[in-house]
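Q: Please take a close look at one part of the model and describe its packing in detail, with the criteria behind each term.

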Amino acid sequence: MSKLFPQATQRTTAPFRFDIVGSFLRPENLKQARQQCSCGDISCMDLTQVENQEIEKLVAQQKAVGLQAITDGEFRRTFWHLDFLAALDGVEEVEAEKFSVQFKHHNVRPKTLKIVDKIGFSENHPFIDHYRSLQQIAGNTAVKFTIPSPSMLHLITNVRATDYQPIPRYENNNALLLDDIADAYIKAMQAFYALGCRNLQLDDTSWGEFCAEDKRSAYQARGFDLDQIAKDYVYMVNKIVDAKPADLAITMHICRGNFRSTWFSSGGYEPVAEILFGQCRVDGFFLEYDTDRSGDFKPLRFIKDQQVVLGLITSKSGELEDRNEIIERIKEATQYVDINQLCLSPQCGFASTEEGNILTEEQQWAKLAFIRDIVEEVWGK
């Protein structure tokens, strides 16, 4: 029992009181193997063997730190989002003059996406094998699988892009595009579920952008109705959630950018809170609250029955936060959300791209142990 909150309890379903966003720092030999494979010095099979070995080590470390559900650290990906989206039917990854968003202090390798045919999901999508492998490595330990939100495909190709030209199927028919994307995700969800997935996380930077006044102004100047886009994105996610089996948890992580410890969006959740928190029927939100760029907890007043995973611990640096300050912020959040609707995690993953954030692996694991200890103090063991 918690001394701080006598009514606080642990959870046995996702999201958990002690949770993670998903990605981990890539070991050097994995980075080296990926580089060798890209240069033709080793085969794809050789790279897969290295990935398997490193994911086995990572799974053991996650178990040791006490996580109730483990990930593959996104070790098989280059980007947190493009790898999945580009492998959808009807989508191509293309070179770009610059990345679709600008990070503070760092430039990302310029890649983007283009819709070239009907959006769909096929059983030969590489993430099917990624999930199957993770499930096998995890054994009896629960698995958490992360994929980009369906909003990301629309955002990248239709909103961020200034030269979007719809294919004939989607010309003057955005509603059909939204339904095709959602239907593709339903097929993906069903495929992962059939393999054993009971914990699926949708990662999303669109809401982070819609919280930022500078980006809102820029999009509005181009003629976008951001409230309507927000409703469209909630529609897609709800269509997926409504089709899910009852024992599958679907959560969403709202991100403001996480490349090499930098960010690209700033602003509190208020501009999107009523539509997102009040209408989106996911099981939980992973929310970034590690800096004042995220604003205060007041937007949480729109939360219904979803769990809120407070990302109070930054993954962007190795320095540990003040334990008492974190506990006080949790107490502050209970002004708007019951303690048993709150959980704790890092604000984001440790490596949204294969380059990773600027901290050591030792610091990465110290962060998680720090979160675990706070969770045990607040919610009990």
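**Helix crossing and sheet**

A: The crossing of H11 and H12 is right-handed (the near helix is turned clockwise from the far one by less than a right angle). This is a predicted model, in which local features need pLDDT of at least 70 and side-chain atom pairs pLDDT 80 or more, while totals for chains, interfaces and linings use all residues. Residues are numbered from 1 along each chain as its sequence is written, and side-chain values use heavy atoms, without hydrogens and water.

Helix H11 spans residues 323-333 and helix H12 residues 361-379; their axes come within 11 Å and cross at roughly 50° (axes are fitted to C-alpha atoms over the stretch in contact, with angles from 0 to 180 degrees between N-to-C directions; helices are DSSP runs of H or I, at least four residues, and strands of E, at least two). H11 contributes Arg323, Ile326, Ile327 and Ile330 to the contact, and H12 contributes Phe370, Asp373, Ile374, Glu377, Val378 and Trp379 (contact means heavy atoms within 4.5 Å). By class, seven of these residues are nonpolar, three are charged and none is polar (Asp, Glu, Lys and Arg count as charged; Ala, Val, Leu, Ile, Met, Phe, Trp, Tyr, Cys and Pro as nonpolar; the others as polar).

Turning to the sheet, six strands form an open arrangement in the order S5-S6-S7-S8-S9-S10, paired in parallel (pairing requires at least two DSSP bridges). S5 (145-148) and S10 (342-346) are the edge strands, each with a single partner, so one side of each lacks a neighbour in the sheet. Neighbouring strands are turned by 25° against each other on average, direction ignored. S9 (residues 307-313) is joined to S10 by four bridges, and Ile313 has Pro346 of S10 as its bridge partner. Helix H6 (residues 174-194) packs on this sheet, touching S5, S6 (199-204) and S7 (249-254), and its direction makes about 170° with that of S5.
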